[in-house]
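Please work through the following exercises with the sequence and the coordinates at hand. Each task is followed by a solution in steps.

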Amino acid sequence: MTSPVHHRVVEVDGIRTAYREAGPADAPVLLLPHGYPASSFVYRGLMAALGDRWRTIAPDLPGFGHSDTPPADVFGYTFAAYAAWLQHFVDVLGLERYAVWLHDYGSQLGFQLALSAPERVLGLVIQNGDIYPDAFGPKYDGLRRLWDHPGPDARRAIAAHVTLEGFRDEFAGELPVDIADRVSPDLWTLHWALMSTPERLANLVRLLEDQPSTLRWMPAQQAYLREHRPPTLIVWGPHDGYMPEASARAYARDLPGAELHLLGGGHWLLETHLDEVVPLVRGFLARTTS
């Protein structure tokens, strides 16, 4: 049985923000910030599967999905700006306690949220969200070269990947053939249609250029895990050029007791292995949020 997923709008920092919500208003909360180049759409199946017992909330970040795209002089389109915005989103909705889903760029925003108010965190679900630079996968090699030589040439190289084909590679790259055909082309065609305005493309390049700033956050995120020991479930797709199996296993350095499941998918595990993920998440949330 699945629960209905509602599509709502709220104003956060003057920005019209779209978000999806499922589940009872008084149920324990699971917050689902999304990554690049996605939107809350990627959580639709998970939310429907959990909404009988948990209140699941997935916002579209500013400049993504169906949220507004404020001018760059109003919203910075940096990781710091998005992290601050997520904290304000939580406050606007009046969320006092929550579990946090950590995936892709959303993992950086979610970790910063946890660091800002660790007492509010019921638990973490980590799905292909990396905080250990020495365990980065080979797809980071090209990015590292651009990070080491910022400027117009690096910006042009980044922009060359912000394309429909680049989006397709983000969603379906590295997967074995028998798994890749489970990923619907709707994912990249939908998100390209949503993102391919001049303003949004420029903002994406700005955000990708800012990614090195997150490297400076990672030691504090690792320390947070060691100090607070939040209940943590790790569900991971190892067919991921950015975040391979080593990135998942690296969490054992700071959370040796974390529950780890390596499944057969890649970076977008919910598109290929949702039926395997859901019972693991339901069991974890039942133990940590009841």
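**Exercises on a predicted model**

The structure is a predicted model, and the crossing of helix 6 and helix 8 in it is right-handed.

**Exercise 1.** Determine how helix 6 is oriented relative to helix 8.

*Solution.* Step 1: helix 6 spans residues 164-172 and helix 8 spans residues 186-195. Step 2: the two pack at an angle of about 135°, and their axes are 9 Å apart. Step 3: angles over 145 degrees would count as roughly antiparallel, and 65 to 115 as roughly perpendicular; helix 6 is therefore oblique to helix 8.

**Exercise 2.** Identify the residues through which helix 6 meets helix 8, and classify them.

*Solution.* Step 1: helix 6 contributes Leu 164, Phe 167, Arg 168, Phe 171 and Ala 172. Step 2: on helix 8, the partners are Leu 187, Trp 188, Thr 189, His 191, Trp 192 and Met 195. Step 3: by class, the contact comprises eight nonpolar, two polar and one charged residue.

**Exercise 3.** Describe the largest nonpolar core and the surroundings of Trp 101.

*Solution.* Step 1: this core has 96 residues, with Phe 89 and Trp 101 making the most contacts inside it. Step 2: helix 2 (residues 79-92) supplies the largest share of the core, eight residues. Step 3: leaving aside residues up to four places away in sequence, Trp 101 touches several residues, including Leu 30, Tyr 43, Gln 127 and Val 281.

**Exercise 4.** Is Asp 26 buried or exposed?

*Solution.* Step 1: Asp 26 lies in the loop between strand 2 (15-22) and strand 3 (29-31). Step 2: its relative accessible area is 73%. Step 3: exposed means over 50%, so Asp 26 is exposed.

Terms used:
Residues are numbered from 1 along each chain as its sequence is written. This is a predicted model: local features need pLDDT of at least 70, side-chain atom pairs count only at pLDDT 80 or more; totals for chains, interfaces and linings use all residues. Side-chain values use heavy atoms; hydrogens and water are left out. A nonpolar core is a set of buried Ala, Val, Leu, Ile, Met, Phe, Trp, Tyr and Cys residues joined through side-chain atoms within 4.5 Å. Buried means under 20% relative accessible area, exposed over 50%, partly exposed in between (1.4 Å probe, protein chains only). Helices (H or I, at least four residues) and strands (E, at least two) are DSSP runs, numbered from the N terminus. Contact means heavy atoms within 4.5 Å. Axes are lines fitted to C-alpha atoms, for helices over the stretch in contact, and angles run from 0 to 180 degrees between N-to-C directions. Angles under 35 degrees count as roughly parallel, over 145 as roughly antiparallel, 65 to 115 as roughly perpendicular and the rest as oblique. A crossing is left-handed if the near helix is turned anticlockwise from the far one by less than a right angle, and right-handed if clockwise. Ala, Val, Leu, Ile, Met, Phe, Trp, Tyr, Cys and Pro count as nonpolar, Asp, Glu, Lys and Arg as charged, and the others, Gly among them, as polar.
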